[in-house]
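Work through the following exercises with the sequence and the model side by side. Try each task before reading its solution.

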Amino acid sequence: MVTSASSRIARAALLAATLALVPACAGKTEGKDVAYVARDVESLYSEAQRRLDRGNTLQAAALFDEVERQHPYSPWARRAQLMSAFSYYIARDYNKAIQNAQRFLSIHPGNKDAPYAYYLIALSYYEQISDVNRDQKITEQAQTALREVNRRFPQTEYAADARLKLDLVADHLAGKEMEIGRHYERMGMWLAADMRFRNVVEKFDTTSHTPEALFRLTETSLALGIPQEAVKYAAVLGANYPGTEWYEKAFKLVEKHAAGVTAS
């Protein structure tokens, strides 16, 4: 799920452009820590931008933070706040990116760049999504943040991208439910497995996992001694996913173990 380096760079340029600032490219931070010395706000901000343009993202973030610390009431401070979050995002320090973007929103909730800040938070969660074999807390946080972007700013390009990512997040969460359900099946824990597969059908019915979930529900219903339910799920499979391997398997199961049974 994590994006490639090229797409990260492209997104970085796009997001920076929305702030009407100089585009920045991703890169690894090298060199020693920035020496913080008092200086005027414009030169300090320019130095932070220069570091970002060169790919020294963590140094840039620290300098943007310094703009706010040294010149808290300057108009530059507000811009530096968000650019600091952006720099941390490019550096893949997602926790700090989220913290700084959230702080920006708490201080400037009605700012014209608020949609970008919400989107940056969502991206920072989204790019931490791991494989389905691991805990899905981050995936759920990404889903919540993406929904917030879509709810608050439905007509923006951020919302359009959020909607695309929400489909992928739903598929990921459904995949996790399937993985757990199949594990319960292997253990003979049929009721627990049934509940997981129901979650997929009820909460993630538009994902790629739905056909298999319906087949698994046919299996678990038979194992639980509810053939009428098995026939029902097989029928739903046939109506919505005819010709799939999952329907073929479900049909054979019902023919073998529930012949003549009417769906509940």
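Predicted model: local features only at pLDDT ≥ 70, side-chain atom pairs only at ≥ 80, totals over all residues.

**Exercise 1. H4 against H5**

Task: Determine how H4 and helix H5 (residues 94-107) are arranged, starting from the angle and distance of their axes.

Solution. 
- Step 1. Two packed helices are described by the angle between their axes and the distance between the axes.
- Step 2. Here the axes come within 7 Å and cross at roughly 160°.
- Step 3. Angles over 145 degrees count as roughly antiparallel, and H4 is therefore roughly antiparallel to H5.
- Step 4. The crossing in which H4 passes H5 is left-handed.
- Step 5. On the H4 side the contact is made by Arg78, Gln81, Leu82, Ser84, Ala85, Tyr88 and Tyr89. H5 contributes Tyr94, Lys96, Ala97, Asn100, Ala101, Arg103, Phe104 and Ile107.
- Step 6. Sorted by type, the residues of this contact are nine nonpolar, three polar and three charged.

**Exercise 2. Gln81**

Task: Is Gln81 buried or exposed, and which residues does Gln81 contact beyond its neighbours within four places in sequence?

Solution. 
- Step 1. Gln81 is placed in helix H4.
- Step 2. Its relative accessibility is 6%, so Gln81 counts as buried; the cut-off is under 20%.
- Step 3. With the neighbours within four places set aside, Gln81 is in contact with Glu68, Asn100, Arg103, Phe104, Ile107 and His108.

**Exercise 3. The length and cover of H2**

Task: Check the span of helix H2 (residues 41-53) against 1.5 Å a residue, then say which of its residues are buried.

Solution. 
- Step 1. The buried residues in H2 are Val41, Leu44, Tyr45, Glu47, Ala48, Gln49, Arg51 and Leu52.
- Step 2. An α-helix has 3.6 residues a turn, so residues three or four places apart point the same way.
- Step 3. The cover over the buried residues of H2 includes helix H3 (57-70) and helix H4 (75-90).
- Step 4. After H2 comes Gly55, with a positive phi near 90°.

**Exercise 4. Ala60**

Task: Describe where Ala60 lies and what Ala60 contacts.

Solution. 
- Step 1. Ala60 belongs to helix H3.
- Step 2. Because its relative accessibility is 0%, Ala60 counts as buried.
- Step 3. Apart from neighbours within four places in sequence, the contacts of Ala60 are Ala48, Arg51, Leu52 and Ser87.
- Step 4. Ala60 and Ser84 are 24 residues apart along the chain, and their C-alpha atoms are separated by 7.3 Å.

**Exercise 5. Ala174**

Task: How far apart in space are the C-alpha atoms of Ala174 and Val200?

Solution. 
- Step 1. Ala174 is part of helix H8 (residues 157-186).
- Step 2. At 0% relative accessibility, Ala174 counts as buried.
- Step 3. The two residues are 26 apart in sequence, and the C-alpha atoms of Ala174 and Val200 are 5.6 Å apart.
- Step 4. Not counting residues up to four places away in sequence, Ala174 touches Val200, Phe204, Thr207 and His209.

**Exercise 6. H10 against H11**

Task: Classify the packing of helix H10 (residues 210-223) and helix H11 (residues 227-240) from the angle of their axes.

Solution. 
- Step 1. The axes lie 7 Å apart, at an angle of about 165°.
- Step 2. H10 and H11 are therefore roughly antiparallel to each other.
- Step 3. H10 passes H11 in a crossing that is left-handed.
- Step 4. The contact residues divide into 11 nonpolar, two polar and one charged.

**Exercise 7. The whole chain**

Task: How many helices and strands does the chain have, and what percentage of its residues count as buried?

Solution. 
- Step 1. There are 12 helices and zero strands.
- Step 2. The chain has 264 residues, of which 47% count as buried.
- Step 3. Of the contacts between residues at least 6 apart in sequence, 62% join residues at least 24 apart.

Definitions and conventions: Residues numbered from 1 in each chain as written. Heavy atoms only, no water. Helix = DSSP H or I, 4+ residues; strand = E, 2+ residues; numbered from the N terminus. Expected span 1.5 Å × (residues − 1). Buried < 20%, exposed > 50% of the residue type's maximum accessible area, 1.4 Å probe, protein only. Contact = heavy atoms within 4.5 Å. Axes fitted to C-alpha atoms, helices over the stretch in contact; angles between N-to-C directions. Parallel < 35°, antiparallel > 145°, perpendicular 65-115°, else oblique. Left-handed = near helix turned anticlockwise from the far one by under 90°. Nonpolar A, V, L, I, M, F, W, Y, C, P; charged D, E, K, R; others polar.
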